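Let's take a walk through this one together. Have the chain in view and follow along from stop to stop.

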Amino acid sequence: MRKTIVLTMGFILALGLAACDVGPYALRITLPDQDARDQVNHIRVWVIEPGELAGCGALLSQESQPGDAGYTVEKDLDFTYPATGDIGDLSDVGAGQRLFYAEAENASGQVILNGCVSMEAGVDGPDSVTIDLDWLACEQSNGGVEICDGRDNDCNDLVDDGAPADLCVDREQATAIACTESQCQYECLEGWFDADDSMANGCECRQTRGGEEYCDDLDNDCDGTVDGTGCISCNDDSDCSAPGDCMSGTCSGGTCQMTHFPDDTDCNDGDGCTENESCQGGFCLGEDKDCSDGQDCTEDSCTPSTGACNNMLMTGFCLIDDTCVANGQTQVGNSCRSCNTAHSTDAWQTLDAGTSCDDGLWCTGTEACDAMGECQHSDLPCDATCIGGCDEGSQSCSFDEVDTDCDDGFSCTDNDACDGQGNCQGQAIEDYCNVDQECLPECASDSLGCVDRPNFVVINCPSEASTTGEALCSLELNGGGGLEDCLHCQLELLPSIISSTDFYATDCSLGDWALQVDAACSSSSLGSCPFSMNAPLTDCADTYVCNSGDRTIEFRRADYAPGGWRLEQTFDFSSYEKVRVCYGAKQSPEPFGGSLEILTDPGDELNGNVVDCLGPGSLASAYPTYPCVELPGSVVDMEQTRLSFLAQVNADDAYNLLGMSSIRVSAYPPECNQEVAVMDESFAGCGHDITGSYNGWNFSQPANCVETQSQCGNIGGLLLGTAEGLSSPQINASYELDLRSYVSPGRLCWTEFATAGFGGEYRLNFHSIGGSAAWHEDIYDSQMPPTALNPTCRNICIDVKSQYLVMGGDGFGLGINGSTSDGYMLLSNFRLHASQACDATGVLDISEVEEDGSGGHQVRVSSSQGLPRRARVTCTWGNEGMQTRREIEFKTSNSRE
């Protein structure tokens, strides 16, 4: 049964809108006011299956139309309004989200109202659909027809625009001459007068008897008074004769008793510009004499005294060979001759030599007039080296074959040959140009082809930009020349650094991270993972200690008993495929009874999902180490993800502490989820008494590998200490890295096994190899406690941060330095993972190098799909690798909450 809904304003269409097994829906359409009801003539309704980013907003603003990409029309319906009879239905609509969109047109077919609603169709959907129509930007009035009323009736942004005759109501024997302040001004036709000062009945009075007022019961002078004071009295019947007015009469007591001549009686009104005059209702009326010469560019008139026709040429026109030509218009078939009213109005004038002309052909190239007024051709599009012919139909050139001999015209090249694409390219002659120059014909200023090499090239880009705007990158060229042509920029897509906070570098500021106070922070089992949280909920630390010496923010049990410490931030990961979190953390003193837990949740839970949990002894105490953890894949399916770090400190020792130095959140887009192993060394099978080198590793003193021990899921490893009759009390090894093809983020992972009572330590570092400047930075310190009672087996991963300066460069080494006096340790499965850039085509856009309007140059970078992504801009000068690069993080307004 169809449903009925009563509205105060609007109307209802009971339509069969069937979604799956759903019965009919009631479709209700409302109009905003009575004016809309009066103007609407036709209504159309669409049911649209929206794409991923489609919505009502684009339809209402008319940026998108039904049927556009993302706006698939499933059903539509159109009918006149008011609706009469059967108008059809919207049946067989599928289940799911749908846009119900409607437009209303006036009698002229112009859309004046629209409305849209997004609803879920299907079994669980609503049983009625209401579309509220509203005016577009302008509310039309008077049916969209412009009249003299002070309003923009047709919504063209102009008020009372048009000819007065079109804006004003016709009045008898009158012509509309102006529309002023919403009022029409009229002028009576010649010989007619508005005797009663009311234009409602037009100009109702025509003068008789030459406009002299006779005593004849007529208003002869049209002053609104019949036989007024001083009217002329008659003496006899001859005073009552008025042949030009088609009247005669008899005189009685000084007053004429007038009668009209019969209609169609010939007469003469004395006006030379009328003809075929005859009496009509007592007036001598004739037809206007036709003085038209048939030309649109002349003003035609008649002289009443003589009846002569006048045809005056309008300003701005020529009349050449009986044809009207506007000033500046060129001759058909010869665009080098034009109407020039300053010189002549009846003959063509020759344009100045060099004036552009057009013969309508592509293959004839650029045309210009000569001194004789003829169109000449130059710069033929296909008249060049390596281009063999021209096709007018396709407006294209045909290219000479590859390796066809040619001459590129530059001295610094030889072996010139066509490349098959219409270009002649030569090979640079070695040592032809000066030592501070490069052979670059494409940007050279002379035929030598040599261009001065700049001292350096610098590009400056904003570190962050909006996905809806552009990032402007300025370019600085110090010395040299040929900036626009010699400098070429390209764009690559990188994994995004969504959040990067170094607490020490920001004076211990939390940045976008926040302490969460109203949450569970007290655990009944501080030394175990995962935590078992206790009530009450409001026991989290609300502040922290800044330890500038250790470069950390810290939580101490002594300061914040009895709870813990919870740090959080909310993200939107929905545009990515994989997310990784790397952080710097430390604990002290040894032995340490606290733990660090990492959690994710949709932002509305307290405990969330445990991603990682580091128990007692998992972190170094001397200074922070940098573990990494990959978040579960479910975070990319959530609208928002809250990431939390929860610290717990041993309750038995008030001075135990857990500190954090940095947190970095990296996200890999689906277009560029590329992570590769740059170095992978298990130290399996490396043998004993290693001296010199092994698999790219260099040892400054002898080393040994153990291969019979099976620990941590591995067989053997690099030995530190004494085992199986082998002794390596010290390790000093280095592995040279070439990371020029890689970018951050990166991570270094390895496995360590330490026997009970191991009394040594080892460190990992990055350092420079060769070059004039020595550089070294420790990245991990094992700090194994000598009193450990049980063997330990740990898989360790640390963040290879950009501040280590190794990503994107070469001449760096990974070093291992260690020593021990008790027990032994095995190190194995060293794996260095790094990210790679990928093609940004279709995701990011970059312009050509262009002037910035102030004497400098720039390139413009944008996110073509409006997605949050990280871009790397690389600009190269010439062919010898002088490069400059910058990275830009494109962010949406909701990429970080």
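Predicted model: local features only at pLDDT ≥ 70, side-chain atom pairs only at ≥ 80, totals over all residues.

Residues are numbered from 1 along each chain as its sequence is written, and side-chain values use heavy atoms, with hydrogens and water left out.

Let's start with the cysteines. A disulfide is a covalent bond between the sulfur atoms of two cysteines; here it is called whenever a pair of cysteine sulfur atoms sits within 2.5 Å. How many disulfides does a search of the whole structure find? The search turns up 29, and three of them are worth a stop.

Take Cys318 and Cys339, whose sulfur atoms are 2.1 Å apart in their disulfide. Their link is right-handed, with 80° about the S-S bond. The pair connects distant parts of the chain, 21 residues apart: Cys318 is in strand S19 (residues 317–320), while Cys339 is in the loop between strand S22 (334–338) and strand S23 (349–350). Strands (E, at least two residues) and helices (H or I, at least four) are DSSP runs, numbered from the N terminus. Both Cys318 and Cys339 are buried, where buried means under 20% relative accessible area, exposed means over 50%, and partly exposed is in between (1.4 Å probe, protein chains only).

Next up is the disulfide of Cys443 and Cys486, with sulfur atoms 1.5 Å apart. The torsion about its S-S bond is about 70°, so this disulfide is right-handed. Cys443 lies in the loop between strand S31 (437–439) and strand S32 (450–452) and Cys486 in helix H4 (residues 483–486), so the pair ties together parts that are 43 residues apart in sequence. Cys443 and Cys486 are buried as well.

Because Cys489 lies in strand S36 (residues 487–494) and Cys875 in strand S65 (residues 870–877), the pair ties together parts that are 386 residues apart in sequence. Cys489 and Cys875 are both buried.

Now out to the surface. Which residues gather in a patch of negative charge there? They are Glu275, Glu287, Asp288, Asp290, Asp293, Glu299 and Asp300. Patch members have over 30% relative accessible area and no salt bridge, and like charges are joined within 9 Å. (A salt bridge is a side-chain nitrogen of Lys or Arg within 4 Å of a carboxyl oxygen of Asp or Glu.) Strands S16 (283–288) and S17 (298–303) each supply at least two residues of the patch. Glu287 has its place in strand S16, and it counts as partly exposed because its relative accessible area is 48%.

Finally, the backbone. Tyr81 and Pro82 are joined by a cis peptide bond, with omega about 0°; Pro82 is in the loop between strand S4 (71–80) and strand S5 (96–105). Asn142 isn't a glycine, yet has a positive phi of about 55°. Look for Asn142 in the loop between strand S8 (134–135) and helix H3 (164–167), where its relative accessibility of 40% makes it partly exposed. Asp431, another residue other than glycine, has a positive phi near 65°. Asp431 is in the loop between strand S30 (424–428) and S31, and at 70% relative accessibility it counts as exposed.

Notes:
Patch = residues over 30% accessible without salt bridge, like charges linked within 9 Å, V, L, I, M, F, W, Y side chains within 5 Å. Areas by Shrake-Rupley, 256 points an atom, 1.4 Å probe, with all protein chains shown as cover. Lys, Arg positive; Asp, Glu negative; His and termini not counted. Charge placed at Lys NZ, Arg CZ, Asp CG, Glu CD.
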